[in-house]
Amino acid sequence: MLIDGVSLWLAGTNCYVVAPEAGGPAIVVDCPPDLDGIEALLRKHNLTPVAALVTHGHVDHTGGSGTFSRATGVTAYLHPDDLFLAMAPGEQLAAIFGGHPAVGSEFVPPDRFEDLADGDVLQLAGLGVEVLHTPGHTPGHCCFRLGDVLFSGDQLFAGSIGRTDLPGGDFGTLMDSMEKKILTLDDDTRVLPGHGPATTVGRERASNPFLAQFGA
């Protein structure tokens, strides 16, 4: 299986491509507002996108989904509880970045999002992707599991967790999701987060200060 990623846009958001092999169909995980960057990652492996899976509705993860969907014809998938975020990128820019003169006008939402639901197993590009609804960072935040790989979005980072001080965020809910959906996974599960370097569930269980309450 081929997995590759690149950090894009102002927030350094990780965009990933997933495919059975180079030169065929692929899934894109998260769409920062950088169409050129996403397309360059696909060209690197001669991949044809068939779907865009969006972990949550924050603009640094979904802000490019509309332009990408229009450019490629693929369907973008998002949990419906985050639709209110995906449709209001301007408000997010003000809340997260304080506004920015170089961004804002390019955010075009997809014509429609296909709904994600907890427990779904999406058959895309010849791969089976399990959807884990992990609210807390946002109400509709989802992680995507593919075998022993977890695309964790802004749920879990190397040494940290997602912030919960933005609209729809809730620390208690995030930690409940962590306990029930993430820490039940095998320690050798590879975690590919929405920002920063890769890690594993076992490494975070043992050393992440935010997870100390759950024990090693």
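The entries below cover the helix contact and then the cavities.

**Basis.** I worked from a predicted model, in which local features need pLDDT of at least 70, side-chain atom pairs count only at pLDDT 80 or more, and totals for chains, interfaces and linings use all residues. I number residues from 1 along each chain as its sequence is written, and side-chain values use heavy atoms, with hydrogens and water left out.

**Helix pair.** I looked up helix 1 (residues 35-44) and helix 3 (residues 65-72), which pack at an angle of about 50 degrees with their axes 10 Å apart. Helices (H or I, at least four residues) and strands (E, at least two) are DSSP runs, numbered from the N terminus. Axes are lines fitted to C-alpha atoms, for helices over the stretch in contact, and angles run from 0 to 180 degrees between N-to-C directions. The two helices are therefore oblique to each other; angles under 35 degrees count as roughly parallel, over 145 as roughly antiparallel, 65 to 115 as roughly perpendicular and the rest as oblique.

I then listed the contact (heavy atoms within 4.5 Å). From helix 1, Leu-35, Ile-38, Glu-39 and Leu-42 meet Thr-67, Phe-68 and Ala-71 of helix 3.

**Cavities.** I searched a 1 Å grid over the protein atoms alone, where a cavity is a set of points that a 1.4 Å probe fits but cannot leave, and lining residues have an atom within 4 Å of a point. The count comes to 2 cavities of 30 Å³ or more. Grid points are joined across faces, edges and corners, and a volume is the space filled by probe spheres set on the points.

The largest cavity has a volume of about 90 Å³. Its lining comprises 14 residues, with Thr-62, Gly-63, Ala-86, Pro-89 and Pro-109 nearest its centre. Helix 2 (59-62), helix 4 (83-86) and helix 5 (89-97) each supply at least two residues of that lining.

For the second largest cavity I noted a volume of about 40 Å³. Val-18, Ile-27, Val-29, Leu-53, Val-129, Phe-144, Leu-146 and Phe-151 line this cavity.

Definitions and conventions:
On a 1 Å grid over the protein atoms alone, a cavity is a set of points where a 1.4 Å probe fits but cannot get out, and a pocket is an open set with protein on both sides within 12 Å along at least five of seven lines; lining residues have an atom within 4 Å of a point.
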